[in-house]
Number of protein chains: 2
Amino acid sequence: MKIIVNESLPTNEECAGSLKNVLDALYVINGKWKLAVILCLVQSSKRFNELQNEITGISSKVLAKELKDLELNDFITRKVYPTSPVSIIYEATEYSKTLKNVIGELSAWGEQHREKIKQSMRKQS
Amino acid sequence: MKIIVNESLPTNEECAGSLKNVLDALYVINGKWKLAVILCLVQSSKRFNELQNEITGISSKVLAKELKDLELNDFITRKVYPTSPVSIIYEATEYSKTLKNVIGELSAWGEQHREKIKQSMRKQS
DNA sequence: GTAACCGCTTTCCTTTGGGTAAGTAATGAC
DNA sequence: GTCATTACTTACCCAAAGGAAAGCGGTTAC
């Protein structure tokens with residue numbers, strides 16, 4: 001049994017803990033639409049139909065489900081204004097902004113990964 | 001139409017681009033097992049059965065699929081050593097280390113999110 | 001009254017991810 | 001020859017995610 005020691009190499013326990021954290025995080029922001037809804041609402045608060053128009057391809061069923069989910073997890077709030085008829089406005093919470101770094105890193109990595117894939121596809125052709 | 005300007009608020013186009021990047025990134029690292037395999041191999045290179053023993057719960061079918069996937073995306077390499085019988089060793093690539101920041105952010109966020117959920121559950125009870 | 005809009009819900013269907021269990025080709029141990 | 005091991009593959013099944021389309025209760029416009 002050879003043990004490789006390296007300052008940048010995480011230990012077994014660190015890895016297991018980290019993995020659990022990462023999977024928890026992924027569980028929350030996972031799915032085709034959650035981040036789209038969050039990003040859309042971080043830009044500005046919106047009504048149901050506005051969201052459905054901006055997020056092309058989402059069905060009302062799925063949007064309703066995602067909104068409920070996101071509200072439960074405290075990423076957005078659903079505000080009912082007593083106009084007539086009532087207007088229902090969805091807003092991003094302060095908590096949703098804690099995702100900023102995560103989104104930043106995912107975006108940066110995703111971008112360079114796509115570049116990489118493109119280049120490797122050119123090599124093949 | 002009111003336009004809200006704020007240095008920390010991303011524009012529409014930035015968001016759309018960012019969203020695409022983020023979804024690309026999530027697509028690659030998504031699923032129950034991919035990150036577990038990567039983390040396991042970053043610690044040390046391993047054979048198929050070693051991986052299956054270390055990653056409790058994964059079936060051989062799923063492990064084989066994940067390994068193929070990860071190899072295609074250049075996160076791991078499959079090396080065949082001409083011993084007799086041949087030994088097949090999976091190794092993490094340098095490229096898999098580019099995920100370091102992403103994993104770091106996800107882990108940090110996931111940890112504080114779990115803390116938050118715990119506290120909000122205490123409040124309820 | 002009728003039509004349209006808003007904010008959903010319901011139903012039905014397909015796709016995808018993943019689990020279980022069995023099988024298999026190649027090799028080596030006895 | 002028989003058995004075990006390695007690295008998988010194959011076949012079948014199930015549950016969850018998501019899409020399409022229709023419906024629905026309330027409100028306002030005409």
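Two strands count as paired when DSSP finds at least two bridges between them. By this criterion, the predicted model contains a β-hairpin in chain B, formed by β2(B) and β3(B) with five residues between them.

## The hairpin of chain B

Strand β2 of chain B covers residues 76–81, and strand β3 of chain B covers residues 87–92. The two run antiparallel and are joined over six bridges. One residue pair within this arrangement is Ile76(B) with Ala92(B), its bridge partner in β3(B).

Both residues of that pair are also touched by Leu41(B). When residues up to four places away in sequence are left out, the contacts of Leu41(B) are Lys46(B), Ile76(B), Tyr90(B), Glu91(B) and Ala92(B).

## Fold of chain A

Chain A contains five helices and two strands. Read from the N terminus, its elements follow the order α-α-α-α-β-β-α.

Of the 125 residues in chain A, 26% are buried. Among the contacts in chain A with a separation of 6 or more, 43% join residues 24 or more positions apart.

## Relation between the two copies

The interface draws 30 residues from chain A and 31 residues from chain B. On the side of chain A that touches chain B, α1 (12–29), α2 (34–43) and α5 (100–124) of chain A each contribute at least two residues. The greatest contribution to this side comes from α5(A), with eleven residues. By class, the side of chain A that touches chain B comprises 16 nonpolar, ten polar and four charged residues. Since 100% of the interface residues of chain A are also interface residues in chain B, the copies meet through the same surface.

The largest nonpolar core has 48 residues. Those touching the most other members are Val37(A), Ile38(A), Leu41(A), Val37(B), Ile38(B) and Leu41(B). In soluble globular proteins, nonpolar side chains tend to be buried together.

Helix α2 of chain B, residues 34–43, is mostly covered, with eight of its ten residues buried. The buried positions of α2(B) are Leu35(B), Ala36(B), Val37(B), Ile38(B), Leu39(B), Cys40(B), Leu41(B) and Val42(B). Leu41(B) therefore belongs to the buried part of this helix, a residue being buried if 20 or more other C-beta atoms lie within 10 Å of its own.

## Surroundings of the DNA strands

DNA strand C is surrounded by 19 residues, of which Lys61(A), Gly31(B), Lys32(B), Ser59(B) and Ser84(B) are the closest. Two or more residues of the surface near DNA strand C come from each of α3 (48–54), α4 (60–72) and β2 (87–92) of chain A, together with α4 (60–72) of chain B. This surface near DNA strand C holds seven nonpolar, eight polar and four charged residues.

Around DNA strand D there are 18 residues, and the closest are Gly31(A), Ser84(A), Pro85(A), Ser60(B) and Lys61(B). The elements that each supply at least two residues of the surface near DNA strand D are α4 of chain A together with α3 (48–54), α4 and β3 of chain B. By class, the surface near DNA strand D is made up of six nonpolar, eight polar and four charged residues.

Key: Residues are numbered from 1 along each chain as its sequence is written. Chains are lettered from A and ligands numbered from 1 in the order in which they are written. This is a predicted model: local features need pLDDT of at least 70, side-chain atom pairs count only at pLDDT 80 or more; totals for chains, interfaces and linings use all residues. Two residues are in contact if their C-beta atoms, placed from the backbone, lie within 7 Å. Helices (H or I, at least four residues) and strands (E, at least two) are DSSP runs, numbered from the N terminus. Ala, Val, Leu, Ile, Met, Phe, Trp, Tyr, Cys and Pro count as nonpolar, Asp, Glu, Lys and Arg as charged, and the others, Gly among them, as polar. A nonpolar core is a set of buried Ala, Val, Leu, Ile, Met, Phe, Trp, Tyr and Cys residues joined through C-beta atoms within 7 Å. A residue is buried if 20 or more other C-beta atoms lie within 10 Å of its own, exposed if 12 or fewer, and partly exposed in between; C-beta atoms are placed from the backbone. A residue is near a molecule or strand if its C-beta atom, placed from the backbone, lies within 6 Å of it.
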